[in-house]
Amino acid sequence: MSILNNIIIMTRGDTYSFDVNITDETGEYFLQGADTLYFGIMDPGQPFEHALVRKRFTVADVGPNGIITIILEPEDTLDLFPGTYYYSIKLHMAHDELDYKTLLPTGDYIDKVVTIIGKTKFILCD
C-alpha cells in the first residue's frame, strides 16, 4: 500500500489509512458545526454521489491539529475486483457563517461543497 501524488495503491481486503489536513488560501481549515467530509471510491465515469465505497466524517472525527484519518477497512474493498478505480474527497461546509454559503439568484443561500481532492486514481491489487 502506498500513496504517491495522491494516487492510492493498495491490496484488496487490506486495511489502509491516511491523514487528511484541509488547507485553504488563509491556512488550515478545521471542520466546525455541521461540516462533513466525504470520501468516495468510484468506477471510471461514475459520479461521486453513487460511489462504491463511501465514508463520512464530522467534527467528532477530527483528531489533534485538525487531522482526519480516513480508514479503509477490509470489508470496504473485499468485494471489488482488482483494477483501477478513482477516489475523491469533498467537504460540505454547513455551519452558520454566511462566508461559507453561496447566494443563489433567488436570494436563497445554500451550503458550499468544496472538492478537496478531485477524481484521482485508486489502484486495487489482488
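**View 1. Asn 65 in a loop between two strands.** Asn 65 is found in the loop between strand S7 (53–57) and strand S8 (68–72). Strands (E, at least two residues) are DSSP runs, numbered from the N terminus. The model is predicted: local features need pLDDT of at least 70, side-chain atom pairs count only at pLDDT 80 or more, and totals for chains, interfaces and linings use all residues. Residues are numbered from 1 along each chain as its sequence is written, and side-chain values use heavy atoms, with hydrogens and water left out. Asn 65 is not a glycine, yet its phi is positive, about 60°. Its relative accessibility is 59%, so Asn 65 counts as exposed (buried means under 20% relative accessible area, exposed over 50%, partly exposed in between; 1.4 Å probe, protein chains only).

**View 2. Asn 6, with a positive phi.** The phi of Asn 6 is about 70°, although Asn 6 is not a glycine. Asn 6 lies in the loop between strand S1 (2–4) and strand S2 (7–11). At 38% relative accessibility, Asn 6 is partly exposed.

**View 3. Leu 31, a buried loop residue.** The loop that holds Leu 31 runs between strand S5 (27–28) and strand S6 (36–42). Leu 31 has a relative accessible area of 9%, so Leu 31 counts as buried.

**View 4. The contacts of Leu 31.** Which residues does Leu 31 touch, not counting residues up to four places away in sequence? They are Ile 22, Leu 37, Phe 57, Thr 58, Val 59, Val 62, Ile 68 and Leu 91. Contact means heavy atoms within 4.5 Å.

**View 5. Leu 31 and His 92.** These two residues are 61 residues apart in sequence. In space, Leu 31 and His 92 are 9.5 Å apart, C-alpha to C-alpha.

Notes:
Helices (H or I, at least four residues) and strands (E, at least two) are DSSP runs, numbered from the N terminus.
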